[in-house]
Amino acid sequence: MRLEMLALTRKGVCLSGLISGLLALSGGLAAQAASIDSCVSTLKAQAVKSGVRPQVANQMLSGVSYDEKVIRFSTSQPEHKTQIWDYMAFLVDPQRIADGKKLLKQHHSTLSSVEKRFGVDRHVVLAVWGIESDYGQFRGDFYTPHALANLACAGGRRSKYFRGELIKTLQIASRGDVPHSDFRGSWAGAFGQTQFMPSTYISLAVDFDGDGRKDLVNSVPDALASTANFLKNAGWRNSRLWGFEVKVPKGYSGPSGRKKYASMSTWTKRGLKNIDGSKFKSKQDTALIRPAGANGPAFLVTRNFKALRSYNASTSYGLAIALLSQLVSGGEPFKTPWPTNDPGLSRAQRLELQKLLNRNGFDVGEPDGKVGPATRAGIKKAEARYGLPVTGRPGWTIYNKLGGR
């Protein structure tokens, strides 16, 4: 360390300034840790006061420390930052469709019973399961109580909301529905096979397998039924479609937007038609959405789409659920291409892209199909070498340039 500091001094770096900076950083981290500890102690007391068993509160909040990743993620969500063609290519890829069709047969009895009881299309329920956790295969990287403790103590303006979610998490564990070690999920506190927030869990979770516990982590029937219950509560009705793709006349300047409903006769007068050019047969009120602008696909959506979107307040998310449900049921993909000459990549292609980057000298670490900072840095170097715009985006152009097919 001393030699390193001398070398820095010879290069013109002020040693005293460096030491001061290190001391300030150390002091800041210590203050941060103390603040978290104090906040967590208060949360424990509040939880116990709300009826949580002290042993559960102590066990689940033991070892909480500041998590920079949680706080960073709280200010940036992929649904709102990623181009829709990337988002859809990743979430509704061939593997997820094939897995969905297989699971549709495997869980036929449960899904049929769920649809009958709650009146929610089984394919939609299955699609939520697929999008939220890849059918239970991936439920998140974060220990729910610790992620929520960070958001409650250092999450800014929504800290009160996350404090409530944390206490509800402890209540769920305290009453024995889910073992404390099974609370793994998203940075925001959602957990289980269909990613319920704790407050949603308490109000809408269902014990569908009859074992006396509402366990969305380990019970597929409970998870699927609870999802159907959520969608029913959000307004889903099987008597109407989620929506359908349409043709919009060139130069259309009329109203659009997911809240601007109109009758089918009104849309006909405005020049809209089914994607195959035929006239509308439906009589449901719908709203026109154009998620990629005037040059991309257009859809007339019913209030069922609003129910899908209530699961995650994103139009891209709602369309991912809609398309996956359509494809696992044997339906057709969207006909209009996304307005890009550089399409997004599936999960398998993202994994292959990482391998190609490594093979071509752009080290991105062990390939896992997840596009993080190392992969984006590698893509940028590759783009620069090949004279492409430097974006760091995992798209078809750089994939193809590196030898992907």
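Student: Let's start with S4 and S6. In which sense do they pair, and over how many bridges?

Tutor: S4 and S6 pair in the antiparallel sense, and two bridges hold that pairing. Two strands count as paired if DSSP finds at least two bridges between them. The labels come from DSSP too: helices are H or I runs of at least four residues, strands are E runs of at least two, and both are numbered from the N terminus.

Student: What kind of model is this, and how are the residues numbered?

Tutor: This is a predicted model, in which local features need pLDDT of at least 70, side-chain atom pairs count only at pLDDT 80 or more, and totals for chains, interfaces and linings use all residues. Residues are numbered from 1 along each chain as its sequence is written, and side-chain values use heavy atoms, with hydrogens and water left out.

Student: Back to the strands. Which residue in S6 is the bridge partner of Tyr261?

Tutor: Ala287 is the bridge partner of Tyr261 there.

Student: What order do the strands of the sheet follow?

Tutor: Five strands make an open sheet, ordered S4-S6-S7-S3-S5, with antiparallel pairing. S4 (261-262) and S5 are the edge strands, and each pairs on one side only.

Student: What holds strands together in general?

Tutor: Backbone hydrogen bonds pair the strands of a sheet, either parallel or antiparallel.

Student: How many bridges join S6 to S7?

Tutor: Three bridges join S6 to S7 (residues 298-301), and the two run antiparallel.

Student: Which way do the side chains of S6 point?

Tutor: Thr286 and Leu288 point one way, Ala287 and Ile289 the other. All of these are buried. Buried means under 20% relative accessible area, exposed means over 50%, and partly exposed is in between, using a 1.4 Å probe and protein chains only. In a regular strand, side chains alternate between the two faces of the sheet.

Student: New topic: rings. How many aromatic pairs are there?

Tutor: The structure has 16 aromatic pairs. Take Trp242 and Phe334: their ring centres are 6.4 Å apart and their planes stand at 55°, so the pair is tilted. Rings of Phe, Tyr and Trp (its six-membered ring) pair if their centres lie within 6.5 Å; planes under 30 degrees apart are stacked, over 60 edge-to-face, and the rest tilted.

Student: What about Phe244 and Phe280: how far apart are their ring centres?

Tutor: Their centres are 5.9 Å apart and their planes are at 55°, so this pair is tilted. It links distant parts of the chain: Phe244 is in S3, and Phe280 is in the loop between S5 (273-274) and S6 (286-289), 36 residues apart. Phe244 is buried, with a relative accessible area of 14%.

Student: Which residues form an aromatic cluster?

Tutor: Phe196, Phe230, Tyr311 and Tyr317 form one.

Student: Which ring does the charged end of Arg270 sit over?

Tutor: Arg270 has its charged end over the ring of Trp267, 4.7 Å from the centre. Arg303 lies over the face of Tyr261, 3.9 Å from the ring centre. A charge sits over a ring if NZ of Lys or CZ of Arg is within 6 Å of the ring centre and within 35 degrees of the ring normal.

Student: Switching to helices. How many residues of H10 are buried?

Tutor: Eight of the eleven residues of H10 (residues 144-154) are buried, so the helix is largely enclosed by the rest of the structure. Among them are Leu148, Asn150 and Leu151.

Student: What does Ile36 touch?

Tutor: Ile36 touches Val64, Tyr66, Asn150 and Cys153, leaving aside residues up to four places away in sequence. Contact means heavy atoms within 4.5 Å. Ile36 lies in H2 (residues 15-49) and is buried at 4%.

Student: Last one. What is phi for Asp134?

Tutor: Asp134 has a phi near 55°, a positive value in a residue other than glycine. Asp134 is in the loop between H9 (122-133) and S1 (142-143). Tyr135 also has a positive phi, about 60°. Most residues other than glycine have a negative phi.
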